[in-house]
Amino acid sequence: MVSRSTELAGDYELIQVRTQPRAGVRSGNLHLAPPDAAARAGATGAAVRDLIGWLDPISGDNTWHPDAASRDADHPGAVLTGSHLLLGHTGAMDGHLEQLTITAVAPEGFWGWWKAQPGWEITIDSQTHRALPDPAGYFCALRARKR
């Protein structure tokens, strides 16, 4: 669990490994910063925003969270609240959101597990015609090295 999540502000390489319904890996550059007073106040009625930011995709299937690249402080692509990092736009029932649960923190970064919350979307297996489980897996976020 994250004791002082504001200490996680900075730039990271985020690597997500998908374990269900099919294996996969993707990565991106994650930026997290403390919100200004106006953006913090924008969270009224929602979870407190400890950090906000965005994710720039590098590789893999990045169609899972197209809104995660948003740099709009009112609707950021990434929101850290406590030990949960949300990627995508929150509050929309038809939007795709991923919740990354941080289970450990070290000077090099943080890691844990994640699960997609695809809104109303259901993925059906083309062969069995059965609903597949929502994408899920584990992740690590490694602090970017300063050049």
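Me: What makes the strands here a closed barrel, and how do they pair?
Reply: In this predicted model, 8 strands run 1-2-3-4-5-6-7-8 as a closed barrel, with antiparallel pairing. Neighbouring strands are turned by 30° against each other on average, direction ignored.

Me: Why do strand 3 and strand 4 count as a pair?
Reply: A pair needs at least two bridges. Strand 3 (residues 51-59) and strand 4 (residues 78-81) have 3 bridges, in the antiparallel sense. Therefore they count as paired. One contribution comes from G53, whose bridge partner in strand 4 is A78.

Me: What holds paired strands of a sheet together, in general?
Reply: Backbone hydrogen bonds, in either a parallel or an antiparallel arrangement.

Me: Which residues have the most contacts inside the largest nonpolar core?
Reply: L14, L30, L32, L85, L87 and F110, in a core of 19 residues. Strands 1 to 8 each give two or more residues to this core. Strand 7 supplies the largest share, 3 residues.

Me: What is L30 in contact with, leaving aside its neighbours within four places in sequence?
Reply: The partners of L30 are G10, D11, Y12, L14, W54, L55, A78, L85, L87 and F110.

Me: Why is E98 called buried?
Reply: Buried means under 20% relative accessible area. E98 has 0% relative accessibility, so E98 counts as buried. This residue lies in strand 6.

Me: How do you know that the side chains of E98 and R26 make a polar contact?
Reply: The cut-off for the N or O pair is within 3.5 Å. The contact between the side chains of E98 and R26 is at 2.6 Å. So the pair meets the distance cut-off and counts as a polar contact.

Conventions. Residues numbered from 1 in each chain as written. Predicted model: local features only at pLDDT ≥ 70, side-chain atom pairs only at ≥ 80, totals over all residues. Heavy atoms only, no water. Helix = DSSP H or I, 4+ residues; strand = E, 2+ residues; numbered from the N terminus. Axes fitted to C-alpha atoms, helices over the stretch in contact; angles between N-to-C directions. Core = buried A, V, L, I, M, F, W, Y, C linked by side-chain atoms within 4.5 Å. Buried < 20%, exposed > 50% of the residue type's maximum accessible area, 1.4 Å probe, protein only. Contact = heavy atoms within 4.5 Å. Polar contact = N/O pair within 3.5 Å; in protein donor to acceptor, adjacent residues only side chain to side chain.
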